[in-house]
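Please go through the contacts, the sheet and the helix packing of the protein shown here.

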Amino acid sequence: MIDTKDFSFFESQNSFDFKGFLIKITSYWKWFVLSLIITFTIAHQVNVRKEKVYQLETSIAIKEENNPFFTSNTSLVFNWGGTSDQVQNISNTLRSRSHNELVVSKLNYFIDYLEKGKYNYQDAYGRVPFYIKADLTKPQLHETLIKVKFLSESEYVLDIAFEGKSVNVVNYTDNSITEASVVPGEIKKRYKTGQKVSLPFLNVVLEIKDNPGIYKGNEYYFRFRSFDETVARYQSVKVEIDSKAPSILRLSLQGTNKKRLEEYLNETVKMLIKVQLDRKNQFATNTIEFIDSTLVSMGDQLKATGDELKAFNKNNNIMAIQEEGSGMSGQLTSYDMEKDLIVRKIAYCNTLKSYLRNNSDYSRLPAPTVAGIDEPNILSNVSKLIELSIQRSQLAYSVKSERIFRDFDMQMESIKSVLLENISSLTNSLKYDLSLVNNKIGKIEGDIKKLPVDKQEYLKILRKYDLSDNIYNSFLEKRNEAEIVKAANLSDIHFIDTAKDTGGGLIGPNTSVNYVLATFLGLLIPLLFVFVVFFLENSILNTDDISRLTNIPLIGVVGVKYSNSNLSVIEKPKSAMSESFRAIRSSLQFMYKKKDISGSKTLMLTSSISGEGKTFCSLNLATVFALSERNTVIVGLDLRKPKIFEDFKIKNDIGVVNYLIGQKSLDEVIQKTHIPYLDVVTSGPIPPNPSELIIGQSMRNFMNELKQRYDYIILDTPPVGLVSDAIELSEYADLTLYIMRQNYTKKDMVTLLNNRIARGELENISIILNGFENKAKYGTGYGYGYGYGYGYGYGNYGNGYHEEDRPKNIFEKIISIFKK
């Protein structure tokens, strides 16, 4: 047992009653055991229902791969700003919504495959023998379990239970949730594997996997989840940059199905590689698209010129014409090619200038080299602008920070301004070159005009044909160059280790945490309850409480009554309780002797409120005095609530009241009991003015007559905390016993008692602690049998309760406090 003396220092330093609190705790040991049993049972049930949690990992390396076919003339690739920037960008991309949307959509992870376990439905992805091909253009049941039972290897029953008249359906085209009307109840339909299921709320095809195993008679489930919610769940993928090798990323994902985790981790990296490679190829892709559109028009022009040249050759002596004008034709073709290149450069510059001024998405810009522009500043700035535009568009799906977008916009505006200046400068230079070429062409054209008309016509047709043919071949060459660059591009991302189920990876559930929590809560809950009870009750728990709260001497301690009636001393004369009353009798006799009180002796018993055992103590003290062969009388002066007659099995027809109003004499109100030397004067009928009767002269005469007949007069009075009768009667008492009951009498009542003594309202008072047990318990059956309930005008007794409403156990007390 805890030695409460160890806490004496703390009790002296503050007002908190550590000793009383410990006693209260020890009294509730059964509650602590019960609480631990309950919390451990709950923890066990929670643990056995938890699914196993696994974690799989994969690792990738980021290394900038240079295209072996990249030359200064092609400029069809661009870098991302260095490996360090790529690592951070990739890390953010892997957690971005846009990237995970691509992966979830590719794997159809918004469809769950389930098996019914002992306690819950378990993720059976990879274990079910079938897969679902959903028509994503049509609505599908949302979050509703769809049961599949195989009747044979090629036939199954689709079972869906509906509780209401409508169900939610998800539309994956826009990821919206709507309602569809259904008939309440269970729907069962037979289908062949591979047969289309076409219902207003379900549009799927169930296909059997390769090597499905034995599945006839088995039951499985599948359901459709919200696409956005599924994506959000996989955005929790953990991405860590290796501290020792900053170019290495480690990806990990947790879940209940290892097959699903393995496929997702591998696919998310594959998707990242594809997207990153597409980004690197964007420049080349834009160039190829531009060249293809140009080649179409150039092909038509070349064909028309070729047809025109063939027609001329048929009608003329082509050999003679070619000999005379071959030199000028070669020069003119050369200058035409030079002029066409300059014109295409100027056209590209004008188009680029217009595009930059009127658009904000620069990811579709073709390479400047398509138009033959090899000016380094323009090449570099166009490449940077495309890169920033692609990055910004991808971040728009995953980043909500306006500051980041402002930074991107500022960088692009800065590059665009420089690029516009570069274009303007280049355009001026190209216009000067164009004027020079035009002069040269004009000079040769002047010489051609001196030739015969047929030769002029031939050179004119041949000039157009050679120009178209050279331009067409030039574009074909550049297209092949772009295709080679695109095919030779390598991703900067490489697998180090793919995700793989090697039999491990189990990380949960951590059942020990639940048991530790159960222990903590199992002790904390009853501890808090005891703490609340301790402060709400604020009751006397032991003799130390009394000695700490008042200087009034404690004359005795009475235990819990286990007898059938209140006459415990008669029923069990050899019990510990009987001995406690005999000890009190001895103490009283010593006090009478010390105060030099001889002759008849008067003892008054009172208490703070009802239910503290005042009448019980009065009856048994009177009994022990009578057993010592002293003439004893017990007087029931609780005129409002007569009580003492019941235990002696006598009537309360006449009593003190009849004497005080002059109806009966003393002999007529005294009643004999079955206990020798013990008489009783009951209170009699309830008067309308009890207080006035007590303070009258007839009361004084009554007491004087009793003193002439009896050695001991025991006055059983009303509670002093409720009415003033006991104070009025205190003048007739040689000694007063104040009854307190463990776990019942409030400490505030002791303060009120001290105040009454300080005012001189009560004198020669001692205390009896009644109903005492070594461990303070609430709800213990004290068995006093009082059922007092002072509810007829006594009012409040100082702690906020009316006596008739006073609860009889702690639960009722707490409820009563909250009600008030």
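## A buried glutamate

Glu155 is buried, with a relative accessible area of 18%. Buried here means under 20% relative accessible area, exposed means over 50%, and partly exposed lies in between, using a 1.4 Å probe and protein chains only. Glu155 sits in strand S7 (residues 155-162). Setting aside neighbours within four places in sequence, Glu155 contacts Lys149, Phe150, Arg190, Tyr191, Lys192 and Thr193. Contact means heavy atoms within 4.5 Å.

## Basis of the model

This is a predicted model, in which local features need pLDDT of at least 70, side-chain atom pairs count only at pLDDT 80 or more, and totals for chains, interfaces and linings use all residues. Residues are numbered from 1 along each chain as its sequence is written, and side-chain values use heavy atoms, with hydrogens and water left out.

Helices (H or I, at least four residues) and strands (E, at least two) are DSSP runs, numbered from the N terminus.

## The eight-stranded sheet

Eight strands form an open sheet with mixed pairing. Their order is S18-S25-S24-S19-S23-S20-S22-S21. Two strands count as paired if DSSP finds at least two bridges between them. The edges are strand S18 (554-559) and strand S21 (671-672), each pairing on one side only.

Strand S19 (residues 601-607) and strand S23 (residues 712-716) run parallel over five bridges. Leu603 stands opposite Ile714 in S23.

## Around strand S22

S22 pairs with S20 in the parallel sense over four bridges. Here Val635 has Val681 of S22 as its bridge partner. With S21, the pairing of S22 is antiparallel, over two bridges. Gln671 has Val680 of S22 as its bridge partner. The hairpin of S21 and S22 has five residues between the strands, and Tyr677 takes a positive phi near 70° in this hairpin.

In a regular strand the side chains alternate between the two faces of the sheet. In S22, Leu678 and Val680 point one way, while Asp679 and Val681 point the other way. All of these are buried.

## Helices on the sheet

H16 lies across S18, S19, S23, strand S24 (735-741) and strand S25 (765-772). H16 runs at about 165° to S18. Axes are lines fitted to C-alpha atoms, for helices over the stretch in contact, and angles run from 0 to 180 degrees between N-to-C directions.

Helix H16 (residues 576-594) and helix H17 (residues 614-627) pack at about 75°, with axes 9 Å apart. H16 and H17 are therefore roughly perpendicular to each other. Angles under 35 degrees count as roughly parallel, over 145 as roughly antiparallel, 65 to 115 as roughly perpendicular and the rest as oblique. From H16, the contact takes in Met577, Phe581, Arg582, Ile584, Arg585, Leu588 and Gln589. From H17 come Phe616, Cys617, Asn620, Leu621, Val624 and Phe625. By class, this contact has nine nonpolar, two polar and two charged residues. Ala, Val, Leu, Ile, Met, Phe, Trp, Tyr, Cys and Pro count as nonpolar, Asp, Glu, Lys and Arg as charged, and the others, Gly among them, as polar.

Helix H5 (residues 97-107) and helix H6 (residues 227-234) pack at an angle of about 110°, with their axes 9 Å apart. That makes H5 roughly perpendicular to H6. Arg97, Asn100, Glu101, Val104 and Ser105 of H5 meet Phe227, Asp228, Thr230, Val231 and Tyr234 of H6. These contact residues divide into four nonpolar, three polar and three charged.
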